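Please open the model in your viewer and keep the sequence panel beside it. The stops below say what to select next and what is found there.

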Amino acid sequence: MSRHECLSAIRATRTVAGLLMMTAAAWILGASSHARGQTQNQPQEPLRKPTLADTVRGNVYADNWFVLYLNGQLVAVDSIAFIPHNVVSVDILPTYPMTIAVLAKDNADPQTGMEYANTSIGDAGFILKFADGTVTDGSWRARCFSRGPINGDTRRPRVENEAIPADWFAIDFDDSTWEWAREYTEREIDPKPPFYDADFAGAKFIWTDDLELDNTVIFRRVVETPPDGRPRTDFSRINEGVPAGPPRRGGGQPRVRKQSGSR
Ligand SMILES: [Ca+2]
Ligand SMILES: [Ca+2]
């Protein structure tokens with residue numbers, strides 16, 4: 001290699017090294033400013049429309065029926081009142097803190113608390129898992145509002161009912177005096193096959209203390225932050241501004257819709 005060629009090679013190497021150092025410095029500065037922006041000035045993300053990627057899947061199995069409210073809004077109703085036992089899977093757009101309220105019912109005649117033409121006492125059970133890591137367990141509040149047949153007396157069956165508060169699903173409903181839910185094993189509940197087709201890993205079956213006689217139960221739980229620790233955008237105020245569209249494929253900037261347009 002001639003001296004001229006040697007000098008040219010050295011200059012080229014220095015240029016590449018310099019570019020790499022500048023790129024690295026820019027990346028570090030950008031990363032630190034991004035981190036500062038996240039901690040000092042949340043939320044940094046402009047208002048945008050949510051996509052299905054912002055949702056989490058919720059799986060619910062109830063013996064025998066349930067309704068589910070999130071933050072005071074009706075989210076799901078079990079589509080099958082009695083049998084076959086089924087799993088209800090829904091897409092949920094979570095907002096934290098997330099107040100979960102569930103009304104669950106065992107199959108029970110309202111007059112006797114029994115099932116199958118008043119020939120037997122049925123048992124109950126409830127389990128839920130959201131893909132953000134929310135699961136049922138003994139940290140949920142639980143209260144029974146209808147039980148029977150009292151004392152298990154099937155010869156002269158009768159029920160005891162307590163009026164369900166009108167705002168039982170509200171965010172600010174006070175459940176602080178309620179008992180904690182009791183956890184039950186899979187063997188105690190004996191879930192039917194659909195349960196095993198859905199993801200309930202880490203979730204516990206729950207009910208009140210009497211799996212047979214407590215027939216109408218309300219569960220409540222407040223999830224303060226995403227259990228999986230993943231930050232998520234709060235879309236609860238999506239109707240208080242004009243959001244940009246969802247991110248475009250390939251990472252382009254979202255398209256801002258005209259003020260007069262809506263979908
Ligand atoms: Ca029962
Ligand atoms: Ca049952």
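Select N118 to begin, which is found in the loop between β5 and β6, where helices (H or I, at least four residues) and strands (E, at least two) are DSSP runs, numbered from the N terminus. Phi of N118 is near 60°, a positive value in a residue other than glycine. With 14 C-beta neighbours inside 10 Å, N118 counts as partly exposed; a residue is buried if 20 or more other C-beta atoms lie within 10 Å of its own, exposed if 12 or fewer, and partly exposed in between, with C-beta atoms placed from the backbone.

Before going on, note that this is a predicted model, in which local features need pLDDT of at least 70 and side-chain atom pairs count only at pLDDT 80 or more, while totals for chains, interfaces and linings use all residues. Residues are numbered from 1 along each chain as its sequence is written, and chains are lettered from A and ligands numbered from 1 in the order in which they are written.

Now colour the chain by pLDDT, the predictor's confidence in each residue, from 0 to 100. The chain averages a pLDDT of 84, and 76% of the residues score at least 70. Over residues 15–41 pLDDT stays under 50, and the model has 2 contacts beyond four places in sequence for them, a contact being two residues whose C-beta atoms, placed from the backbone, lie within 7 Å. Residues 259–263 also have pLDDT under 50 throughout, with 1 contact beyond four places in sequence. Where pLDDT is low, the predicted coordinates should not be read in detail.

From the N terminus on, the elements run α-β-β-β-β-β-β-β-β-β-β-α-β-β. Of the 263 residues, 25% count as buried.

Which residues have the most contacts inside the largest nonpolar core? Select V60, F66, V102, A104, F126, I206 and F219, which hold that place in a core of 35 residues; a nonpolar core is a set of buried Ala, Val, Leu, Ile, Met, Phe, Trp, Tyr and Cys residues joined through C-beta atoms within 7 Å. Elements giving two or more residues to this core include β1 (56–63), β5 (98–105) and β12 (214–223). Centre the view on A104, and you will find that, not counting residues up to four places away in sequence, A104 touches A62, W65, F66, F126, V217 and F219.

Next, select β2 together with β3 (residues 73–77), which run antiparallel and are joined by 4 bridges; two strands pair if DSSP finds at least two bridges between them. Within this pairing, the bridge partner of Y69 is L74 in β3. The two strands form a hairpin with 2 residues between them, and N71 in the turn has a positive phi of about 50°. N71 is partly exposed, with 18 other C-beta atoms within 10 Å.

Two cis peptide bonds make the next stop. The bond from D63 to N64 is cis, with omega near 20°, and N64 has its place in the loop between β1 and β2. Another cis bond joins I83 and P84, with omega about 5°, and P84 lies in the loop between β3 and β4.

Finally, select P226 in the segment after β12, a residue that is partly exposed, with 17 other C-beta atoms within 10 Å. P226 and M98 are 128 residues apart in sequence and 9.0 Å apart in space, C-alpha to C-alpha. Leaving aside neighbours within four places in sequence, P226 is in contact with Y96, D132, G133 and R232.
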